[in-house]
Amino acid sequence: MGAHIEEKETTQTVIESDGYMTVHDGKYPDSRWKEFTQVMSRTLKTELFGGLKITFKNMIDALFRNEMHTIRYPVEKLPISPRYRAVHKLLALLESGNNRCIGCGLCEKICIAKCIRMDTKIDENSRKEVSEYTINLGRCIFCGYCAEVCPELAIVHGGRYENASEQRAHFVLKDDLLTPLDFLKDQKEYTGFGAPSDDADAKIQKTPLAY
Amino acid sequence: MDPIYFLETIIKILVVLLVFSALAGFTTYIERKVLAFMQRRLGPVHVGPVGLLQILADGVKLFTKEDFVPQNANKPIFMIAPVITAATAFIAMSAIPFLPEFTIGNHTVTPIISDVNVGLLFVLGVMATGLYGPLLAGMASGNKWALLGGARTAIQLLSYEIVTGLSILAPLMLVGSLSLIDINNYQNGCVTDWLLWTQPVAFILFLIAGFAETNRTPFDLLEHEAEVIAGYATEYSGMRWGMFFIGEYANLFTISFLAALVFMGGFNDLWFIPGGIAIILKVMLLIFFFLWTRASWPHIRPDQLMWLCWKVLMPIAVINIIVTGLVIML
């Protein structure tokens with residue numbers, strides 16, 4: 001019994017040392033008279049009016065001192081950290097407007113979800129040119145390695161964080177996605193985790209209901 | 001019967017019904033706005049200017065929502081229960097003088113549907129009958145949450161009726177009449193004549209009991225969302241649910257008018273403010289207080305509610321009556 005109490009006390013001190021404090025709700029009255037005096041003191045202390053005062057002050061602050069917590073979301077948006085990892089952007093050179101990407105393929109290599117695909121070719125000036133660059137946002141885990149590894153700061157994470165939608169098409173807005181919509185049907189996927197394997201059709205078996 | 005009198009009464013009834021049904025909707029809007037500001041939010045803003053058309057949208061929603069009756073419910077009682085709440089709330093209003101007399105042309109209009117000489121008793125009696133609405137709804141729903149809500153209706157409304165009655169007895173002893181117009185005329189002087197100053201304890205008791213009777217938040221055991229889903233109204237939808245709330249808000253106005261009439265000088269002129277506007281200001285103040293407490297104070301448990309009623313409020317009310325009686329005798 002004594003050991004049990006000791007154990008309890010030690011846990012309590014541990015909790016307190018973590019920066020938490022225990023709430024002392026006072027002693028419970030042990031006699032009728034103390035109960036009565038507690039009721040009387042609580043009645044006459046007018047603590048309830050303290051609550052009223054707080055809400056009234058909140059209302060005045062909200063109405064006249066512009067301390068409103070609401071933001072009008074679709075119009076107004078909360079600022080997000082520059083390090084936030086949202087939907088990608090492929091940046092261009094500020095001077096010429098050319099694509100910054102040099103087609104090194106590092107992002108494609110480092111991609112954990114294997115959702116980046118890049119096709120390159122040698123153009124007429126015998127320079128390497130990116131002919132197609134796709135990111136499958138359905139598979140992207142937004143780890144940010146592609147942006148981290150990019151030597152030219154060509155691929156970055158943008159600020160668009162509204163990723164939820166009812167329709168797949170909303171994820172591939174022409175301006176936002178890296179591959180133009182017209183070429184989406186040619187998009188090739190790497191065989192990564194979660195992707196259907198090449199012989200997926202052959203592996204399909206009938207479900208019991210079909211028999 | 002005088003046809004003019006008949007016509008006038010019908011018009012008054014229609015005006016009271018329409019105004020207070022509309023006010024019920026408007027008060028939900030005001031309540032949402034006030035609660036929002038007190039929690040530093042905006043409340044409804046999207047529908048109409050500053051969200052004012054939200055009332056209309058809510059009304060359309062309530063009217064067009066599916067009106068279903070649960071399979072195991074006692075159908076006739078289930079369907080009639082909301083009507084009882086709304087009807088008793090409006091019947092109670094028939095003996096309340098809302099405004100002072102005024103004249104249109106040569107005709108004097110008294111804004112009271114029926115000036116019975118037991119007005120206060122009538123109002124309290126009919127409001128007490130309103131207990132049957134939530135009680136029968138809870139019992140007829142065939143749902144254990146609704147049943148619990150109904151049981152709580154019984155404990156809460158029955159006990160607080162007693163406090164209401166006892167608390168209002170002391171000012172009645174001073175006035176010596178049950179007619180609300182007589183009570184109002186008793187305080188026809190300045191602010192110092194208000195019964196609030198001679199009967200402060202009765203006023204506080206009446207307000208507390210009023211909170212309980214109108215199911216406002218510190219005492220809304222009937223529909224304690226945190227514990228019993230929606231209490232007696234769990235199975236209700238659409239306009240049947242809406243009628244409960246029209247009844248609740250009508251009761252809110254009735255209690256506010258009663259408090260203003262009995263304790264706060266009623267529709268007597270207040271300095272330069274004419275009586276009609278004075279009483280509306282008083283009622284608005286009381287309603288704001290009702291909303292304010294809803295934002296500030298927590299719910300209480302059923303046992304605390306009963307404890308407060310029977311062990312604190314009722315003895316205080318009785319002592320108040322005894323002291324008032326002694327003072328009158330001396």
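The contact I want to discuss, where contact means heavy atoms within 4.5 Å, takes 14 residues from chain B and 16 residues from chain A. In chain B, the residues that lose the most area to chain A are B:R40, B:L42 and B:W297, which together make up 45% of what that side buries. This is a predicted model, in which local features need pLDDT of at least 70 and side-chain atom pairs count only at pLDDT 80 or more, while totals for chains, interfaces and linings use all residues. Side-chain values use heavy atoms, with hydrogens and water left out, residues are numbered from 1 along each chain as its sequence is written, and chains are lettered from A in the order in which they are written.

Let me turn to A:D61, which sits in helix α3 of chain A, residues 47-64, a helix being a DSSP run of H or I of at least four residues, numbered from the N terminus. A:D61 is buried, with a relative accessible area of 3%, since buried means under 20% relative accessible area with a 1.4 Å probe, protein chains only. Leaving aside neighbours within four places in sequence, A:D61 is in contact with A:N66, A:E67 and B:R40.

With B:R40, A:D61 forms a salt bridge whose closest N and O atoms are 3.1 Å apart, the term standing for a side-chain nitrogen of Lys or Arg within 4 Å of a carboxyl oxygen of Asp or Glu. Between chain B and chain A the count is 2 salt bridges.

Technical notes
Helices (H or I, at least four residues) and strands (E, at least two) are DSSP runs, numbered from the N terminus. Buried means under 20% relative accessible area, exposed over 50%, partly exposed in between (1.4 Å probe, protein chains only). Buried area is the accessible area (1.4 Å probe) that two parts lose on being put together, summed over both.
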